[in-house]
Amino acid sequence: MMNCAECQKRIAAYVDAELPPAEMEAVRSHAQTCAGCASSALASLERKLAIRRAGLRYSAPPELRARVFGLCRAKAEVIDRKPVMRSARAWLPQWSIAVAASMLVAAGLFVVANLRQQQRQSLGEFVDLHVATLASANPVEVLSSDRHTVKPWFQGRIPFTFDLPELQGSPFTLVGGRATYFHQEPGAHLVFAYQRHLISTFIFRDTSQLGLPAPPAATREASFNLRSWTQGGLRYVVIGDANAGAIRQLSEQLQHAQ
Amino acid sequence: MNAQNGSDDEFERLALPLFDSLYNFARWLTHDAAEAEDLVQEVYVKALKGFSSFESGTDFRAWVFRILRNTFLTSRTGLRARLTVPLELEDQETVAVTWETPESLVVASGTRQTIQDALERLPLSYREVILLCEVEEMKYQQISEILAVPIGTVMSRLSRARKILREMLAGERTARSTPAGK
């Protein structure tokens, strides 16, 4: 059985979870029967949490985020495209360019029609996500009406940050949030309450992968009102069964917060 | 998709989620927004270029943080900060026995602002170790890789950093409770 001196010597490493398993267990057992060492461990843990809270201080400006993320993406695209362009030029005879151009116009019309169909499907998928989440037993992973709790919760869970509006004096309250995925993109799903309605706000990085119509979009899908826009390199989608005016008002408050 | 592009996808998957942490750490190191922006951007450029030398299966987070720290140390601010490191306190292999007295509650009860002020004033070698441990929640092994020092040194610096922080906050509290002019 560990004594107090041995336990105290290990408390810092214990709260850092850095002791070997047997010693972790020995400290835990000792602290269960020793109020002094238990309070020391608790004090260390509180100190650790206080420093963590204080240390999570700075948020990167959106311009830097866009620059860095763009840098990474541009590198991948340049590498992907270069060989294709070189090989195409190598074998195409001059006369074929005119023929190819006319074929591209025809193909383009087909692609545009197809793209619109895909974009409508993407909006429909957001409706599905909204309904499925609200129907689940735990619609939100972080439950809070306080934006200062919800926003930091997403840190480390999604590859971007966003600002939440001050809702005091508005008809909306923030219920909570959860991390979500859409077409393999990680994003934030926030749930707001408006009267007896729940409104979902999805936030993702604005990539073509999402397959959404060009913003701004205000539409109805399966009787849900929906608004979507792009801001600071992020794509926002607000969905709910509340009236279109409420969806617009919440969207504007989110836009002003950024 | 070629192999290089595949590795870029992998780079994005690994590196982009670290963006916020890297920026926060860079701000704490540099004390300056513009400098932190330059530093983070440079880190991504370097990491992207050097990604082929990164050994798959090893700790990517420690690898990127090490690039950030090394880049910072060769900057003008970094060089200046290194000169102010209290050398006599450096690299003590022994770990101080830390009796957690009620005094340690001083840190927990400090306001966010007073703790931030104290962290700002910590010498670089203590500030970085405490941020990596408490804020980034890294293991001693990861910190040892980033700082390129043995684990024993990580533990002794951490212990000392906590002690200094505690003393700073205790001093702050005493100063506040002492009426002006006395």
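Where is the place of B:Ala148 in chain B? The legends below work towards the reply, starting with some ground rules. This is a predicted model, in which local features need pLDDT of at least 70 and side-chain atom pairs count only at pLDDT 80 or more, while totals for chains, interfaces and linings use all residues. Residues are numbered from 1 along each chain as its sequence is written, chains are lettered from A and ligands numbered from 1 in the order in which they are written, and side-chain values use heavy atoms, with hydrogens and water left out.

**View 1. Helix 1 of chain A packs with helix 2 of chain A.** Here residues 4-15 form helix 1 and residues 21-33 form helix 2, with an angle of about 120° and axes 10 Å apart. Helices (H or I, at least four residues) and strands (E, at least two) are DSSP runs, numbered from the N terminus. Axes are lines fitted to C-alpha atoms, for helices over the stretch in contact, and angles run from 0 to 180 degrees between N-to-C directions. That angle makes helix 1 of chain A oblique to helix 2 of chain A; angles under 35 degrees count as roughly parallel, over 145 as roughly antiparallel, 65 to 115 as roughly perpendicular and the rest as oblique. From helix 1 of chain A, the contact draws on A:Cys4, A:Cys7, A:Arg10 and A:Tyr14, and from helix 2 of chain A on A:Glu23, A:Met24, A:Val27, A:Arg28 and A:His30 (contact means heavy atoms within 4.5 Å). By class, these residues are five nonpolar, one polar and three charged. Ala, Val, Leu, Ile, Met, Phe, Trp, Tyr, Cys and Pro count as nonpolar, Asp, Glu, Lys and Arg as charged, and the others, Gly among them, as polar.

**View 2. Cysteines of chain A without a disulfide.** For A:Cys7, the nearest cysteine sulfur is that of A:Cys37, 3.9 Å away. A:Cys34 is in no disulfide either, and its nearest cysteine sulfur, again that of A:Cys37, is 3.7 Å away. A:Cys7 is buried at a relative accessible area of 0%, and A:Cys34 is buried at 14%. Buried means under 20% relative accessible area, exposed over 50%, partly exposed in between (1.4 Å probe, protein chains only).

**View 3. B:Gln116 in helix 7 of chain B.** This helix spans residues 112-121. B:Gln116 counts as buried, at 4% relative accessibility. Leaving aside neighbours within four places in sequence, B:Gln116 is in contact with A:Ala54 and A:Arg57, along with B:Trp28.

**View 4. Helix 4 of chain B packs with helix 9 of chain B.** Chain B has 10 helices and zero strands. Helix 4 (residues 60-73) and helix 9 (residues 140-147) pack at about 35°, with axes 8 Å apart. B:Arg61, B:Ala62, B:Phe65, B:Arg66 and B:Arg69 of helix 4 meet B:Gln142, B:Glu145, B:Ile146 and B:Leu147 of helix 9. The contact has four nonpolar, one polar and four charged residues.

**View 5. Two alanines with a positive phi.** Most residues other than glycine have a negative phi. B:Ala148 has a positive phi of about 55°, and its place is in the loop between helix 9 and helix 10 (151-177) of chain B. B:Ala148 is partly exposed, at 48%. A:Ala17, in the loop between helix 1 and helix 2 of chain A, has a positive phi of about 55° and is partly exposed at 41% relative accessibility.

Methods: A disulfide is a pair of cysteine sulfur atoms within 2.5 Å.
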